[in-house]
Each structure stands twice: as C-alpha cells, then as structure tokens.
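Let's take a friendly walk through this protein. We will begin with a pair of facing residues and then step out to the domains.

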Amino acid sequence: MTSSADTLTERFLENLAAAVRIETVNHGSDSADSEAFQSLHELLAQSYPLVHSKCSVEKVNDLSLLITWEGTDPDLEPLVVMAHQDVVPVEPGTEADWEQPPFSGAVEDEYLWGRGALDDKGQLIALLEAAEHLLEDGFEPRRTIIIVSGHDEESGGFSGAQPISNLLATRGITPFFVVDEGGGIVKSLPGLSKEPVALVKTSEKGSVTVRLTARGEGGHSSAPNLPTTIGKLAKALRSLEANQLPARLDVMEPTLQALLPRMGRVTRTLFSNLRVTSGAVIRLLGRRPETNAMIRTTTAITMVRGGVKENVLPQEAWAVVNFRIIPGDSVQSVIDFVRKKVGKDVEVETEGEWNSEPSGVSSTTSEAWQSLSGVIGEVFPEAQVTPWTLIAATDSRHFEGIASDIYGFSPFLLEMSDMERIHGTGERMLVEGAGRAVRFYARLYESVCS
Ligand SMILES: [Zn+2]
C-alpha cells in the first residue's frame, strides 16, 4: 500500500466514527431497523467507491452483504473475510455511565468510543478500507476474495450468515479459509503472559439452556409437607453448582503450548509436563472464571421463579440454567449430565432457540493457519500468535458446512478489561496504531491472494 500510516489511521477512524453513529441495533430476531442498515450501506458505498464498482455487491435478505472481488485464477479456493453490521443495544438507563455517548463515535482520551467500535464495525471498516486502498493501487487478486457482512449476528445469524453460507454452497464454493471476528491483540493474559498475545479463534463453544421444574402439592405454609417445591429446586441447583462438568485440557493445550515461551520458569515447567501436572494445571486454571471457561462446559444459573405470597406453598418452581459447551462435549451429553445430577424430583427440558453444538477445531498446522499466522506476525511482531477457543458464538459457525479452517481474529489492541466493555458499558477502540488493522487486511489479501 502506498498510503502513509498516518493517513491510513485517520481515514479509518473517520469512517469508523461515521459507521458507529448509525444505530444498527439488533433488538432480537425479525425486528431489524432496515432504515439504519440501509444508511450504513449508503455510507459504505460512498466511502468505498472502488469496492462498489469493481466487485459484485449482493444483498441477501435485503440487509446482509455479500461482496465478491473476483480473482484472476478461478481454480484457487476463495478467501472469506467476515464482519457483522449489527450491534447489541445499550442497556436502558446505563447511557450516562458511558464516558462518551454510546453512538457518538467520539475520539477522546486516546480512544474512539461507541457501541460497535470493536464489535464489529471496526473490523468491517478495516477490511473494506484495505480493499479500497489495494484497488486504488491497482491490485488484482489471483485468488477471489469474498466479504461477508451479516446483519443479525447478535441474534444468531439465521437471516444473514446462514443463508449466505448456503448460497455459497449452491455456487460450489469451498473457502480456502475463513477469517471472522474473534480474539484480538491483548496486551497481557492474566497468569499466562505479561507480553502481548494475538489470540486467534480456532474453535468456539456451543450453548444449551435447560429449564428445571419442581412440582408439589402446594397448600398453606402453616403445615408444610417437606421437601417443598422450592426446596427440591434449590437442592437440584445446589447439586449443579457443586458438580461442575468435568474439566479437560485437550482444547486448551494448543493455547498453552503456544504461550510457553512467554511464561516464567515455574509456570513453564508446570505447563510443559501436562501428562504429569494436569491435575494441578486444572486446579490453577479453574480458579479464574476466564480460564475455567476454557477447560470445561460451564454452568450458569440465570433465572429462578417460585411462589406468589409469603404464606402460600407454590405448586411449581422453576429455574433456567445456561451451559456453554466446550468442543468434545455436546448438547446431549450436557443434558444427560444434568439429569443424573438433579435426580428424579425435578423435570429437565431444553429451552430457547439458541441451543447450538460447539464448533469443530480448525487446524493449527495447515497452510491456511501458516498464512494467517504469518501475516499476523508480520503486522504485529510484538505479539505471540496463539490459538484460542472463543467462549461466545459468532456468524462464522454457519460456515462449518463449507469450510474446514475457520478462524477468528480482530486486529485491534486491547486490554482484558476492554473485552468486558464489548456488549457492556463504554465500548471503545484504542486509537494508537488502529491503522494497523487496515494494514493487516491489506497484507492478508496480498499474501494469500496474489
Ligand atoms: Zn460480534
């Protein structure tokens, strides 16, 4: 790319701020504010004229975008890059807690502020920005580049990424590999690395929500028949918290392997002899919620109801428990486990539309991995490239049917605490070096598609 680093960053931040100001909020399935999404499309068309004239831009279900930048060699499998347009709502009543207004795109105190700055408009703007720059420079890819931008990732991707993946399948397209949102460049990883780490998602957890219902006779509280329905439910919930699903290190092992050079001597010894030390390592990782989530299917009681009046025994009490499933476990294995732990006094049924199996695990030795990690190493030489299991679900899981290597990498620098701001209060992107995200995509297109 011929543009200087400063111009790159400036143009990127300007276009990102404009995108953040368009409130493409996802309030749940089937209620997209199409006007907001259309305004975003207009902004993209204005900001990226070459992308819109030289590539084919298709709309799927009106609001999702499928952009194909045709390569000169049709025998090469396309590269797929993804970033979604929708953002989660700002929780009503928390607007004032934001350091800068949530849809301002304000650049203050070294950050660009706003809902979607990191999740996921930063990525959308960076990957388009890179394509526009390369088109300005006259770059012609040999390998086709496909840009997928869904409009409903935050409600499951069933109207966006899923139909787009199906459409690509009918066209006989099998991607070389897919790069979607995922990890980022974290400045440090508590307990594992004091130096920057480039987290690359190689798998993601599944999810199942279970409803537990206890029933009983009810009646007056003056002569209770024990156990009460609430007592039975409480016992079941206690049992689920006391008996977590078993921990396993196989999914996290590649992460630990990659981080060995960054560890102190003691931790390195501990983590490099897992056959002997697995018990101690599991206890250590199990102590922190973030690392505990990487080694097992987690159990989270999220709702509970029962009773209407102080002196009435309820006939029914229920609770909802959400499990995030690690690759290797399954929806069915979790339900079997729950049934065993709660016993016969409590009914168990699955709940909601969000249940999904964990993803497969993408390769960390394939040509695709080598290409991607090579480009990350080139643009972010300070960061140790590390495979990672994402504990949330993204649009790219819909590509499992057509692609074997699906990665998640968001080319932005962040603190661990910035991760909590995603979907929370005060989402923001570090301004310093933000232009490197554009350079990452440009180098990815050049090195994988030339
Ligand atoms: Zn996202």
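Start at Ile-185, which stands opposite Ala-198 in β8. This is a predicted model, where local features need pLDDT of at least 70, side-chain atom pairs count only at pLDDT 80 or more, and totals for chains, interfaces and linings use all residues. Residues are numbered from 1 along each chain as its sequence is written, and side-chain values use heavy atoms, with hydrogens and water left out.

Strands here are DSSP runs of E with at least two residues, numbered from the N terminus, and two of them pair if DSSP finds at least two bridges between them. Strand β7 (residues 177–186) runs antiparallel to β8, with two bridges between them. On β15 (residues 384–390), β8 has a parallel partner, joined by seven bridges; there, Ser-203 faces Thr-389. Strand β8 itself (residues 197–204) is mostly covered, with eight of its eight residues buried (under 20% relative accessible area, 1.4 Å probe, protein chains only).

Now to the domains, whose bounds come from an automatic or database domain assignment: domain 1 covers 5–185 + 360–449 and domain 2 covers 206–356. Their C-alpha centres lie 33 Å apart. Contact (heavy atoms within 4.5 Å) takes in 16 residues from domain 1 and 14 residues from domain 2.

Together the two domains bury about 1200 Å², 65% of it on carbon and sulfur atoms; this is the accessible area (1.4 Å probe) lost on putting the parts together, summed over both. On the domain 1 side, Gln-384, Thr-389 and Ile-391 lose the most area to domain 2, together 40% of what that side buries.

Notes: Buried < 20%, exposed > 50% of the residue type's maximum accessible area, 1.4 Å probe, protein only. Helix = DSSP H or I, 4+ residues; strand = E, 2+ residues; numbered from the N terminus.
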